[in-house]
Amino acid sequence: MAPRIKTVAIAGATSTTGAPIFNALIATNLFRVTVLTRKGSNHKFPVGVAVKHVDYSSVFELTEALRGQDALINTTNIVESIPQINLVDAAVAAGVYRYLPSEYGLNNNKPEIGQLPIFKAASEGLQHMREKCAASGGATTYTDIHNGGLLDWGFETGFTGILLRERVITLYDEGSNEIAYTTREWLGKAVVRVLTHPEETANRPVYIANTYASQKKFLALSQEVVGHEGWLVKHQSTDEMFAESMAKLESGDIGMESLLDFIHVADNNPKYETRWEKDDNELLGIPRFSDEDVKAVMMRLVA
């Protein structure tokens with residue numbers, strides 16, 4: 001019988017994935033929440049939330065900050081290797097029962113994805129997590145959550161390749177590869193439900209999806225929302241994008257733009273990511289969106 005999770009620490013609570021997860025934790029009022037934040041941070045959190053300023057390079061500091069926690073949610077930047085390793089070591093040393101690594105996206109368990117430069121640190125963190133949790137003899141367990149793309153964030157930022165207001169789309173390859181998408185709200189709720197289903201989600205990946213869609217499907221829905229006329233359609237080869245990004249990295253350019261292009265490659269090339277073979281929506285109560293639900297997400301952005 002898995003223990004009931006009552007105390008939860010979150011690292012990276014203001015990040016793109018951390019903020020909705022933090023908000024979901026607070027909204028449930030089920031947990032005593034502690035935020036781990038970098039030394040020097042002046043971010044203000046709600047009354048009742050414990051805040052501990054830490055140095056992610058110090059396993060000792062992290063261990064002390066995590067004592068008494070039942071779960072640790074890591075939402076730090078996936079390109080930073082030190083937190084992905086040290087938070088695992090500290091969680092095990094502090095006796096934290098459940099560790100959630102900084103995933104919340106594509107299926108980084110696939111070697112093809114884990115080998116892409118932007119996912120390298122997270123992939124190594126996953127392997128380290130599995131080894132350390134196994135060595136703990138069950139004292140520390142894990143759940144890695146995979147939600148595909150962030151549906152609402154993807155349209156807000158244009159990361160889906162679609163600029164709704166401007167009526168511009170960049171089709172990667174043919175725009176026909178289908179992957180999972182989940183809103184930030186439902187990602188947050190999924191994390192909460194993993195914590196309230198500790199036995200069913202122990203030591204395994206969890207897959208969720210509000211919808212499965214290709215760029216072409218999103219384009220058709222976008223045109224229903226903002227109109228069919230006046231669209232500019234651009235094209236980009238994922239193989240060329242991969243080659244160009246690798247050349248930049250090899251020349252010393254390690255900027256985020258080059259790294260993020262690898263996500264576009266993985267999202268849109270079936271060599272890397274496709275639909276989940278099976279998801280955990282039923283277990284966690286995650287709804288499957290209709291086309292109207294997806295269009296409602298778009299309409300909130302252009303209203």
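User: At what angle do helix α1 and helix α7 pack?

Analyst: Helix α1 covers residues 18-28 and helix α7 covers residues 184-195; helices (H or I, at least four residues) and strands (E, at least two) are DSSP runs, numbered from the N terminus. This is a predicted model, in which local features need pLDDT of at least 70 and side-chain atom pairs count only at pLDDT 80 or more, while totals for chains, interfaces and linings use all residues. Residues are numbered from 1 along each chain as its sequence is written, and side-chain values use heavy atoms, with hydrogens and water left out. The axes of α1 and α7 are 8 Å apart, and the packing angle is about 55 degrees.

User: How is α1 oriented relative to α7?

Analyst: Axes are lines fitted to C-alpha atoms, for helices over the stretch in contact, and angles run from 0 to 180 degrees between N-to-C directions. Angles under 35 degrees count as roughly parallel, over 145 as roughly antiparallel, 65 to 115 as roughly perpendicular and the rest as oblique. With an angle of about 55 degrees, α1 and α7 are therefore oblique.

User: Which residues of α7 does α1 meet?

Analyst: Contact means heavy atoms within 4.5 Å. On the α1 side, the residues are Pro20, Ile21, Ala24, Leu25 and Thr28. In α7 they meet Arg184, Leu187, Gly188, Lys189, Val191, Val192 and Leu195.

User: How does that contact divide by class?

Analyst: Ala, Val, Leu, Ile, Met, Phe, Trp, Tyr, Cys and Pro count as nonpolar, Asp, Glu, Lys and Arg as charged, and the others, Gly among them, as polar. The contact of α1 with α7 has eight nonpolar, two polar and two charged residues.

User: What geometry does the pair of Phe155 and Phe218 have?

Analyst: Rings of Phe, Tyr and Trp (its six-membered ring) pair if their centres lie within 6.5 Å; planes under 30 degrees apart count as stacked, over 60 as edge-to-face and the rest as tilted. The ring centres of Phe155 and Phe218 are 5.0 Å apart and the planes stand at 75 degrees, so the pair is edge-to-face.

User: Is Phe218 buried or exposed?

Analyst: Buried means under 20% relative accessible area, exposed over 50%, and partly exposed in between (1.4 Å probe, protein chains only). Phe218 has a relative accessible area of 1%, so Phe218 is buried.

User: How is α9 oriented relative to α10?

Analyst: Helix α9 (residues 238-250) and helix α10 (residues 256-268) have axes 9 Å apart and an angle of about 155 degrees. That angle makes α9 and α10 roughly antiparallel.

User: How do the residues of the contact of α9 with α10 divide?

Analyst: The α9 side includes Met241, Phe242 and Lys248, and the α10 side includes Leu259, Asp261 and Phe262. The contact divides into seven nonpolar, five polar and two charged residues.

User: In which loop is Asn29 found?

Analyst: Phi of Asn29 is near 60 degrees, a positive value in a residue other than glycine. Asn29 counts as exposed, at 69% relative accessibility. Asn29 is in the loop between α1 and β2 (32-38).
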